[in-house]
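Here are a few notes from my read-through, meant to be followed with the viewer open. Have a look at the chain, then go through the points in order.

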Amino acid sequence: MLMLRRRFFGQPWWRNYESRSRRQAAIVGMHALAGAGPSELNRFELDHFDAERKTVLLTFVNAPRLVPVTPALDYLLNDWLEVRKGLVGRDGSCTNMFVGEHGEPQNPASINAMLHNVGVSMGTRKPLSAMLLAFFQARIALGSDLEAYRYLIGTSPNWVKDSTATMRSVRELIAETDPIGDDLRILTDESFAAEFARTSKEPFPLSLAGLSGRKARALDPAHSLAVKLAAELEARPEEAGARAAHDARVIAENLVELEHPIRAKQLSISGAAKMLGMTDAEFKAKRNEALTTVGVSPERHHKRLPMTAEELARLAGIEAERWPDDLAAHMPFRIDLLRREFGFVHAMIRARKLTRTRACELFKASYRQLKLLMAAADAQKLDELLANPSGDMWTRSTSRYAPMTAEQRARLARIAAETWPDDASACVAFRIDLLKREFPFVRGLLLGRLLSRRPARALFKASLGQMNALMDAAAEGRLEQLLADPTCRLSLKSYATRSPVTAEQRTRVERIAAERWPEDSSDWPAFRIELVKREFPFIGGLITTGHLHQNHGRQLFKASLIQIERLMAAARGGQLEQMFAAGLKGRMWMTYDPHTRPGEFVWPAHLLAAPVGVRPLPACKSLESHAPTFSRRCEC
């Protein structure tokens, strides 16, 4: 049930939190409370939700069925619809219920990917969508109406078409097995949700979730150590301090008996922690403390066997190979080196004398490449693989293995040391001139995976969107045309730092920030509506000119990001007065952001100081520190 709450999917200060969290909560609700699968959600359109009759129309294959909506699902869908209005645009041509950040329909692949990521963060072994559908089926199976049950399952078209269940019996089954009911505080009240989860008699079925990534190895209950620890667990104190002392004593007294099965892989860390009534982290910390006290290392994994002098010499010879300076020559050189030396390296890895990370460094290969090589060598098909190394994957070398030359580093240092004008209006012309002179060189480093885009952006003080546009234009052979286009100057000008605020502007904003809000938070929506009508035209103007960001508007009005975006859209369209005249009505305007408090507003420091010419970006102090590492590929 915790997955139905928006806070489960992130924190309010995250990017796109409003749209993402409401959409994902509604999708989970459709799975767990209506039994809708990913393909059914893909066909689920806006008019398939009947808010008056409280039903949703789901279609599996060619058998549509009406599923009653529980109060919780009705709340989640209406909550999502408020956000959806701002995503699909004014034409409303998209009829899908669930859309992405830019108004595009969500397909089954994107829905499955979202649920997969949530499942990974939970540590589940099974697909989360299957688990949620199994939860729905298990819930309605508690009812007594078999025909209504088969109709709601909907996995067989004949069950739906030939069903004798009435809509009344289907509604009764849904109401009878609804795990939440009419009390929706679990979706809005943090403390109530925690208490509900703690006292619920029917929690999410952990047997379905398979939350443990691997099965815990445990001792036989009749084992002498298991019997002894069971007696200690019975005597474990409730008070935190006494319990910690008790756990430390039990581990210290039974350390030798615990270590033998653990190191022999007869007992896992999770199994030992369970016998002691502790979490895995608590047991690991106290076990390491006890081992350190007796002078024993707790490490037992990943220890490599020693190499002979001949093996060390041969590895040194591989490391000393001189790779070509031309990146295009890396592929044939790597293939030749693999033919000569990978058999030896493969044997060293299997003998636990060499790590895979070190092997990747020797051949300047990725983990994926090494995985394919290891599988081919195990199947004795290495020669066959190296005879036909097709695909772009084999041509890539990361910057960790292709360092920049001294000349390249010196030229980058000269670009980073360029002195930018103090006048913000002169920065645009300076940036364009610098791009004309130096961007082809920097682009070559990006394409050669010698530099990542973050330090490249810092060199030209450009945004990610500007860098993408420059890379695309260069790839299409129209870089000079782009830089000569006046519209390019306008787009680059938007990235310069705006002038500081005046004393009058600062005084008025600080007066708004000092407004005394009602002590009862239930009165905040009404108070905020009056404050928005009075002050938002002024604050919206500052946001438009770049003196404030939308997050500052959220702080001043204790509003959500979607509320500020809706107001800004109305201001840009000249419809702000009409919006105020019609009244800020609806559920969206009755909510408030509980994470901002009156008096928390802080002016951006760069707007209080003298103009600095350009918007701050990460300093380019160490270009090589931003180069792509072995485990993180370059963005280009």
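1. β1 pairs with strand β2 (residues 55-60) in the antiparallel sense, over two bridges. Within that pairing, F49 sits opposite V56 in β2. Keep in mind that this is a predicted model.

2. Zooming out, the strands belong to an open sheet of three, ordered β1-β2-β3, with antiparallel pairing. The edges are β1 (49-50) and β3 (63-68); each has a single partner strand, so one side of each has no neighbour in the sheet.

3. Next, α25. This helix covers residues 464-475, which makes 12 residues. From first C-alpha to last it reaches 17 Å, close to the 16 Å expected at 1.5 Å a residue.

4. Which residues of α25 are buried? They are Q466, M467, L470, M471, A473 and A474. Looking down the axis of α25, the buried residues fall within an arc of 165°, so they line one face of the helix.

5. Check the backbone just after α25 too: G477 takes a positive phi there, of about 75°.

6. Last stop, L556, which you'll find in helix α30 (residues 550-557). Is L556 buried or exposed? Its relative accessible area is 2%, and buried means under 20%, so L556 counts as buried. If you want a distance to check, take L556 and R528: they are 28 residues apart in sequence, and their C-alpha atoms are 9.5 Å apart in space.

Definitions and conventions:
Residues numbered from 1 in each chain as written. Predicted model: local features only at pLDDT ≥ 70, side-chain atom pairs only at ≥ 80, totals over all residues. Heavy atoms only, no water. Helix = DSSP H or I, 4+ residues; strand = E, 2+ residues; numbered from the N terminus. Expected span 1.5 Å × (residues − 1). Buried < 20%, exposed > 50% of the residue type's maximum accessible area, 1.4 Å probe, protein only. Arc of directions from axis to C-beta. Pairing = 2+ DSSP bridges.
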